[in-house]
Structure formats: C-alpha cells, structure tokens
Amino acid sequence: MRRTKALNIVIDVALILIGSVVLFAIMPKVGSSATRGSSPAGNDAASLRAFSVVTSVLTSPRCLNCHVAGDSPLQGDAGTIHNMNVKRGPDGRGTPAMHCANCHQDENSIQLHAPPGRPDWRMPPASMRMGWQGLSVGEICRSLKDPAKNGGRTTAQLIEHVRDDRIVNWGWDPGPGRSLPPVSHEEFVGQVTEWVQTGAVCPEESQVTGSRR
Amino acid sequence: METKLTVNGAQKVVDADPRTPLLWVLRDHLDLTGTKYGCGIGQCGACTVILDGNAVRSCQVLLSRAAGKRITTIEGLSSDRSHPVQQAWLMEQVPQCGYCQSGQIMAAAVLLSSNRDPSDSEIDDAMSGNICRCGTYHRIRRAVHRAAELARKEARKS
C-alpha cells in the first residue's frame, strides 16, 4: 500500500514535468505562425482571435460581393455575378449608361429583389480594387494593413472607416432578402479596434476565402 | 406636396408624395406614356429616362431625387424624331414588339453622349441593362454604331 502511494507521487511529478516541457515547446509556435507587428507576444493570440471575427464579416456576401478580384460585382447571398453585365468602371461607379446609381438609390428599395441603396453606391475603384475574393485570411489581413492596397489608410483610419462609412454600415441594413454579417456592427467595430490595438497581427495560414470566380 | 421638375425642357410642378416613383409621375401625372413599366424592380430597363445625363431606371427613382433636376423622356429626345439614335433605329428597323425600345433608345443616347465611337463591347456593356424579350440585340448594336456615325457626320457639318 505504502509502495503504491510513493509510486503515484513519482508518476504525478513526472506528468507535471512532461506537461511543462510540452507547454514550453508549444508556446513560441503561436507567435511564429503569425506576422507580428510591434506587439508583445502575449497580444498575438488576442489579435489573431479578433481578426478571425473581422474576417468572418469581410468574407460575408455583404462585403465580399463588391470586394471582388475582377471587374464584375456579385449579388445576393449566393454571390452570383451581378445581372446586366454590370462592370466596375474606372472610378468604381460603373460604365456609361450603366452607372451604379442609375438603379441603386440613396436608400434600399423596400421591394424584394429590387436594388439596395445608399448615397454614392459604388465598389472600389479600378486603381484601388481592395479585392479580397480568393485571398487567404492572412493575405486579406496583410492587404488591410498595406496603404497601397487599403485606400491609403493607417490602421487607426481603418477603425474610423468601418465605424462611419455609409456603405460599410449598409451591411447591417441591407434591405429585404439579404442576410446580415455574422456579428453585429458594434461587435465588428470592437473586434477591428481590438485587432489594431493588439498590434494588427496577421495569420500566415493559407485558408482560402470565397471562390475564385 | 408640390415638387418642381424640368421635364423635356419644360418646368413642371407635380403634386405628389415625394416617395412616388418617377415613372408614376411621368406616366400618371404628366401623361408621358412613352416611358414603359416593365418589371418595377429595376431589372429590365424599360423605364429608362435621362436624369441629369444619367440613364436612370425611373421605377426606382423617387420623386424627391428628381426634384429640381433635368429629366428627358423619349418624348423629349427630339421634337421631330431627328435625334441620331431615333434615325438609326428607323434605318435599322430595330423594334419588334417595341415595348422595351424607348428605354433602349434612352440608354443608347446616354452612351453616345460620352462615347462618340463605341466598340461592340462598349455597346454591350452600356446596353446590357436593357432587356429585349424579342431578342433584337443584334439590330440594337448595329443601330448604335449607325447612330454614332450619324452623330459624327452632324458634328462635322456644324
């Protein structure tokens, strides 16, 4: 009986030691799998967690339908190519006789299948496509931080953009027949803020979002 | 509520709810029935009119957006059917049933106001929002080329 008790203590101590070694070995890998800014390593996990929520919104149809790789916007929750051969045009507002605002008004139509709307309805211009379609989460993240790809914004300005921009806000009031992003606008802005304040860390994994239409 | 509009060059005052679609104002209040009701949800282009130079879908444009703006309907494109697009449409015998054609003509006129010599693909891009159930697309494209040619000839004369 006494021998068994002593053996148990030895086994417990051995398990604790092995566990500590394993934990020590794993912890640095969290940091090395991400592109860090100047944040302390302890913030990396929080930053990555926040960005995973941000990504779930950016890749929802309400955002991705206009943040496309090519020149044709998508429409609906299925993200089908926009009817009528609609094209981006140089300034993102369409082509002659097919400007976005020819159909999209300053407010949503109340009719099902009719155009949604906000003032100055548009997609990103040809010179700054901000196309996330087909990018990995890490690629989207790095493009958001790159002023050459994000409309010349600092990360602090990204927070203002997602908080105040009328078309971003439209995502949570998209009119009849369109799904909402997976979290509230308030939660989204909060997670973008958290991501920025924890160093705007980007994952390096190659999970592809959306289709490469 | 009264709203002032400029329709085909004439000042108009309309007494209607500001949320009335422009198409209803044109057809029911101003008796300009050349502009057609097609789908009512901005999908077909039959109701296209020109609002400050843009080929808008009048079934989607609220009267409040049109207030104080210049609106041109098919009736006002020319006083005598002499607009190059109207001439070309006759020359190429474009319409079949004709229901979509006023919208098609207005879209073509807007295209040519910004592009004097559009290519096939530029015509397709500009005209894809106007659906023709008779399938007159090949004649529409030919007529837009012809209208562009007529407009260039007129410009050279003047």
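Predicted model: local features only at pLDDT ≥ 70, side-chain atom pairs only at ≥ 80, totals over all residues.
Biologist: Start with chain A. How many helices and strands?
Modeller: Chain A has seven helices and six strands.

Biologist: What pattern do they follow along the sequence?
Modeller: Chain A reads α-β-α-α-β-β-β-β-α-α-α-α-β.

Biologist: What percentage of chain A is buried?
Modeller: Buried residues are 31% of the 213 in chain A.

Biologist: And how much of the contact set comes from residues 24 or more positions apart?
Modeller: They account for 63% of the contacts in chain A with a separation of 6 or more.

Biologist: Helix 5 and helix 7 of chain A, at what angle do they pack?
Modeller: About 180°, with the axes 9 Å apart. Helix 5 covers residues 155–164 and helix 7 covers 185–197.

Biologist: Parallel or antiparallel, then?
Modeller: Helix 5 of chain A is roughly antiparallel to helix 7 of chain A, because the angle is over 145 degrees.

Biologist: Which residues meet there?
Modeller: From helix 5 of chain A come Thr155(A), Ala156(A), Leu158(A), Ile159(A), Val162(A) and Arg163(A). Helix 7 of chain A meets them with Phe188(A), Val189(A), Val192(A), Thr193(A) and Val196(A). By class, that contact has eight nonpolar, two polar and one charged residues.

Biologist: Where does Gln111(A) lie?
Modeller: In the loop between strand 5 (98–99) and helix 4 (137–145) of chain A.

Biologist: Why does Gln111(A) count as partly exposed?
Modeller: Gln111(A) has 16 C-beta neighbours inside 10 Å. Buried needs 20 or more and exposed needs 12 or fewer, so Gln111(A) falls in between.

Biologist: How far apart are Gln111(A) and Val86(A)?
Modeller: In space, 21 Å from C-alpha to C-alpha. In sequence, 25 residues.

Biologist: Now the interface. How many residues of each chain are in contact?
Modeller: Chain B has 21 residues in contact with 18 residues of chain A.

Biologist: Which elements of chain B give two or more residues?
Modeller: Strand 4 (54–57), helix 4 and helix 5 (120–127) of chain B. The residues on that side of chain B are nine nonpolar, eight polar and four charged.

Biologist: Stay with helix 4 of chain B. Mostly covered or mostly uncovered?
Modeller: Mostly covered. Twelve of the 14 residues in helix 4 of chain B are buried. Among them are Gln101(B), Gly103(B), Met106(B) and Val110(B).

Biologist: What covers them?
Modeller: The cover includes strand 3 (48–51), strand 4, helix 3, helix 5 and helix 6 (137–157) of chain B.

Biologist: What span should helix 4 of chain B have?
Modeller: At 1.5 Å a residue, its 14 residues should span 20 Å. The end C-alpha atoms of helix 4 of chain B are 20 Å apart, so the two agree.

Biologist: How does helix 3 of chain B pack on helix 4 of chain B?
Modeller: At an angle of about 125°, with axes 9 Å apart. Helix 3 is residues 84–91 of chain B, and helix 4 is residues 101–114. That angle makes helix 3 of chain B oblique to helix 4 of chain B. The crossing is right-handed.

Biologist: Which residues meet?
Modeller: Val85(B), Gln86(B) and Trp89(B) in helix 3 of chain B. Their partners in helix 4 of chain B are Ile105(B), Ala108(B), Ala109(B) and Leu112(B). The contact has six nonpolar residues, one polar and no charged.

Biologist: And helix 6 of chain B, at what angle does helix 4 of chain B cross it?
Modeller: Roughly 45°, and the axes come within 11 Å. That makes helix 4 of chain B oblique to helix 6 of chain B. Helix 4 of chain B passes helix 6 of chain B in a right-handed crossing.

Biologist: What touches what?
Modeller: Gln104(B), Ala108(B), Leu111(B) and Leu112(B) in helix 4 of chain B meet helix 6 of chain B. On the helix 6 side are Ile140(B), Val144(B), Ala147(B), Ala148(B) and Ala151(B). That contact divides into eight nonpolar, one polar and no charged.

Biologist: Last one, Ser78(B). Where does it lie?
Modeller: Ser78(B) is in the loop between strand 5 (70–72) and helix 3 of chain B. With 14 C-beta neighbours inside 10 Å, Ser78(B) counts as partly exposed.

Biologist: What is Ser78(B) in contact with?
Modeller: Leaving aside neighbours within four places in sequence, His83(B) and Gln86(B). The C-alpha atoms of Ser78(B) and Asn8(B) are separated by 9.1 Å, though these residues are 70 apart along the chain.

Technical notes. Residues numbered from 1 in each chain as written. Chains lettered and ligands numbered in written order. Axes fitted to C-alpha atoms, helices over the stretch in contact; angles between N-to-C directions. Helix = DSSP H or I, 4+ residues; strand = E, 2+ residues; numbered from the N terminus. Parallel < 35°, antiparallel > 145°, perpendicular 65-115°, else oblique. Left-handed = near helix turned anticlockwise from the far one by under 90°. Contact = placed C-beta atoms within 7 Å. Nonpolar A, V, L, I, M, F, W, Y, C, P; charged D, E, K, R; others polar. Expected span 1.5 Å × (residues − 1).
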